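Visitor: Could you walk me through how to read a strand and its neighbours in a model like this one? I would like the general idea and then the case at hand.

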Amino acid sequence: LKDNFPNKLTTILDIVPFQNRTLCVNSGFEIYNLADRLGVDFFDFIKKTNATFCGGDYYQGFSKNDFFNHTTSRPYLLKHNDHYVMYSYILGYRSNPSPYMNPDFFLESKLPIKMDDVGISLNFEYKALRKYLLDLCKEKGISIIQDKLSKVVYNKKKDVSEIIGEQAYYSADIYIDNSGPRRALSKNFEWESWQSYSPLAGSVQFETEKTKEYNLFNLVKCCDESILIRTNLQDKTYNTLLVSKKASSMVPEHIEKIFKKKILLNDAVRSFYNGFPCGCYTQMWKNNVVLIGQSSNYCEPFGSIRIMQGILQTNSFINALPSMDRESCNEDHTYLMNNILSYIGIHYEAKDKWFSNLETPDFLKKHLPLWKKRCPRDRDFSPFRLNLFGAESFIKMVAGLGLFEKSKYHKEIRHYSFSLRASVSRQLKSIKNWEHNCFKISHKEYIRIIKEEFKKKGVIY
């Protein structure tokens, strides 16, 4: 925002005490794009945010076979017109498509030396990432003011006229609320509940010891009356347990059953019942207030929702700001929220699980019957609105959850010429040969080398 409008963003009011309700987040971006976007040194970024590499989410217990939904590698995105022929070929021809849907080395905790065509994102420790970004803001000349929020004053038009802190009064033309679930400036916004689409009553976030090797994926495991999400960082493992109402009254026992040992929860971050209100605001920009990130919605932390949502919303606001086009900004927000809800909703299409009798989002009501017969396509998602999850993300979920008919997909790919199918077959074989034979390095070793390079440069960490 500061780069686009140097004179617009002048001050960040850092509300204290800082309530850290999120322990760990995923970038969602391919790593080099993320560093380039921030204009920072990639290795410095990894070192200072306690980051690890991430190839995507690995799902256990959702279907008969475990499956991967990874940050997409370009060779797998081969398309003919709007048809993802590589995925369609795999699903139509392979009796067990799962091993062919993602790079082999993701499950080996190894990274290829050459990653040009491999989609890799990053996991961060939230506190470290927050400090790093605030320091970047200071470098760009943005004032960071720490104060305790006492009161928000509204005028007759329902605009925010000023924010009263313990130390001073603050006023601006436009206020951007990125205060997270506390939603400091959301008083005049209308909330839309997603409770009918979610089986969850709460969550608990807690740390466990670091692992011998860093996984190249976030584990998403469907347990009894809960869903466990595990993420490796450099010196610890972060866990988020999403629980049903039935399990919310016995969380320690539930966790002990999953881990097969007692886990200390003294420092755990808990959100239960009213603290886990799944849903979103119907608008993102109203009067002179803009809601960004978790200030605008709250939901299950699947995929890279938390960071990428905020980035997409900021981009929409940047496009709308010169003309003060609230309408298009709110249309973007509505489409983005529906996209996120649809991605969350498809998780609960898993068969014979503890979650059932949930409402299906309208987008899935329309498209799941189509995807049973054919691969998801880009045209299923509006190219002119904000999409956090596109066709390739839904293809992996449709495949992993078995929401397709193999005979239909086989018939679809057979409509294409023999030469095209033969070409796809050769390319798939070539991809797998490269994944098997390319030079790879241990994930943990790669992080160590990055730190060693900083030692040579005299950088203290």
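**A strand and its partners**

Guide: Gladly. Strands β15 and β16 (residues 226-232) run antiparallel and are joined by five bridges. Strands are DSSP runs of E with at least two residues, helices are runs of H or I with at least four residues, and both are numbered from the N terminus. Two strands pair if DSSP finds at least two bridges between them. This is a predicted model, where local features need pLDDT of at least 70, side-chain atom pairs count only at pLDDT 80 or more, and totals for chains, interfaces and linings use all residues. Residues are numbered from 1 along each chain as its sequence is written, and side-chain values use heavy atoms, leaving out hydrogens and water.

Visitor: Which residue in β16 is the bridge partner of K221?

Guide: L228 is the partner of K221. The two strands form a hairpin with two residues between them, and E225 in the turn has a positive phi of about 65 degrees.

Visitor: Which strand runs parallel to β15?

Guide: Strand β4 (residues 56-60), joined to β15 by four bridges. Here D57 has N218 of β15 as its bridge partner.

Visitor: Why is β15 described as largely enclosed?

Guide: Buried means under 20% relative accessible area, exposed over 50%, and partly exposed in between (1.4 Å probe, protein chains only). Five of the six residues of β15 (residues 218-223) are buried, so the strand is largely enclosed by the rest of the structure.

Visitor: And what percentage of the 461 residues of the protein count as buried?

Guide: The figure is 53%. The secondary structure comes to twelve helices and 23 strands.
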